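Colleague: I'd like to learn how to read a model like this one. Could you take me through it step by step?

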Amino acid sequence: MQLRPTAVALATALALSLTALPLAGVASAQAAAPASAARTTPPSATEGPDTEALRAAIAGLPDHDATAALIRVGGQGSWRGVAGVRDVRTGAPALDNARFRAGSVTKVVTAAIVLQLAAEGRISLDGTVQQYLPGLLTQDFEPVTVRQLLNYTSGLRPGASLGETVEEGYAHRFETLTPRQVVGASVAEGPEFAPGTQQDYSNIHYTVLGMLIERITGDSYAHQAAVRIFRPLGMRDTSFPNGSDPRIHGPHNRGYDWIDGRLADVTDWNMSDRWAAGDMISTTADLERLLVALFRGRVVPGPQLKEMFTLPDVPGARYAAALERLELNGRVIWGKTGSRPGYATVIAATRDLSRTLVYSVNATDAKGDGAGVAQRFGFPAFNR
């Protein structure tokens, strides 16, 4: 197994990347560092988040584990912080309005669209994949319901992939896998377990839901997301790539990952294989709008919204429709994580919105164990 470099190695990598710049560029980068290290907004209420812990979390960026962080805390008292650099070569301060790959936070949008369709009577959550997408599954599969796709209990195996790790996928980052190819590989393996008996988090469930949305609406998934979610909520900086376009258009902080002992730029990457399960590009401000509106019932009607806060009756269930349930410091929190190479994202809140959190961290091991990133940048938001 390739060992990750130490913090000293990151400093060396940053220094080496700057040696290729003209002297003016080096001076500019050094001058910008203090400003980028901790630009914060004071809390708006006396009873609010643990601001000292939040400041400590972003202090010293860039470091071994992250090159930038954008954090927004809301509810009863708000706080915002931005730290790190936009680009390790120039040392330019991180942008607080940066767009980033939101990864599996995309699933929240997909679930919301499906639940809207259910509220409109166009589908039933007890209806089956075999009913709505005839021929997609073979006769080896028992009936799989829409609800089972939403809460990850469908029994479908993970689909095709261009690499299970960042290291494996890096060489294939400009290649394309279509949703039908992803699902076809899953179906060929047969069911993993009987539908509704276990919970197994995987992108495959939401790839099939994206196909369901397109079949029912006769429209593209991306356009449905725009007209049903993004435009009504004013999420002007949220979109999906145009097909296999590997770029993040508009202002963004570049993403990095340690690959073979080298800090590699992984910003440009074709994410089409993640599609309705993880292809969205957004900002922290837009995701905060989505989070608050969703919990307030402005996105999905009340009867269907319950699906997003109801765990299935299977052993060890942690996920409802898209959202994960977590208990932290005596609070029940509902949220969703997302990770793509170079970018780790979280949206989370208490059900009453007394505390909300959205962050985007340019983590250098975003696809690794996300617990460390969450404990550092997310948990302090719920300390008190």
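Colleague: How much space lies in the second largest pocket?

Modeller: Before the number, please keep in mind that this is a predicted model. Now the general idea: rolling a probe the size of a water molecule over the atoms shows where empty space is left. Here, the second largest pocket holds about 230 Å³ of space.

Colleague: Which residues lie nearest the centre of that pocket?

Modeller: They are Arg 72, Arg 80, Asp 96, Asn 97 and Thr 284, out of 15 residues that line the second largest pocket.

Colleague: And what classes of residue make up the lining of the second largest pocket?

Modeller: Sorted by class, the lining has four nonpolar, six polar and five charged residues.

Colleague: Which helix and strands each supply at least two residues of that lining?

Modeller: On the strand side, look at E1 (39-41), E2 (66-75) and E3 (79-84); the helix is H12 (284-295).

Colleague: Why does Thr 283 count as buried?

Modeller: The step of reasoning is a cut-off: buried means under 20% relative accessible area. Thr 283 has 3% relative accessibility, so it counts as buried. Setting aside neighbours within four places in sequence, Thr 283 is in contact with Asn 97, Ala 98, Arg 99, Phe 100, Asp 237 and Thr 238.

Colleague: Let's move to the strands. How many residues of strand E11 are buried?

Modeller: Nine of the nine residues of E11, which spans residues 355-363, are buried.

Colleague: In which sense do E2 and E11 pair?

Modeller: E2 and E11 pair in the antiparallel sense, over eight bridges. For a landmark, find Val 73, which stands opposite Leu 357 in E11. E10 and E11 are also an antiparallel pair, with six bridges, and there Val 346 stands opposite Tyr 359.

Colleague: How many residues lie between the strands in the hairpin of E10 and E11?

Modeller: There are four, and Leu 353 in this hairpin takes a positive phi near 65 degrees.

Colleague: Which residue in the turn between E9 and E10 has a positive phi?

Modeller: Gly 342, at about 90 degrees, in a hairpin with two residues between its strands. E9 and E10 (residues 343-350) run antiparallel over eight bridges, and Gly 335 stands opposite Ala 348 in E10.

Colleague: And how many bridges join E8 to E9?

Modeller: Five bridges join E8 (residues 324-328) to E9 (residues 331-340), again antiparallel. Leu 328 stands opposite Arg 331 in E9. This hairpin has two residues between the strands, and Asn 329 takes a positive phi near 50 degrees.

Colleague: Stepping back, how many helices and strands does the protein chain have?

Modeller: It has 14 helices and 11 strands. Of its 384 residues, 55% count as buried. The accessible surface of the chain is about 15900 Å², with 51% belonging to carbon and sulfur atoms.

Key:
Residues are numbered from 1 along each chain as its sequence is written. This is a predicted model: local features need pLDDT of at least 70, side-chain atom pairs count only at pLDDT 80 or more; totals for chains, interfaces and linings use all residues. Side-chain values use heavy atoms; hydrogens and water are left out. On a 1 Å grid over the protein atoms alone, a cavity is a set of points where a 1.4 Å probe fits but cannot get out, and a pocket is an open set with protein on both sides within 12 Å along at least five of seven lines; lining residues have an atom within 4 Å of a point. Grid points are joined across faces, edges and corners, and a volume is the space filled by probe spheres set on the points. Ala, Val, Leu, Ile, Met, Phe, Trp, Tyr, Cys and Pro count as nonpolar, Asp, Glu, Lys and Arg as charged, and the others, Gly among them, as polar. Two strands pair if DSSP finds at least two bridges between them. Buried means under 20% relative accessible area, exposed over 50%, partly exposed in between (1.4 Å probe, protein chains only). Accessible areas come from the Shrake-Rupley method with a 1.4 Å probe; for residues, only the protein chains shown count as cover. Contact means heavy atoms within 4.5 Å.
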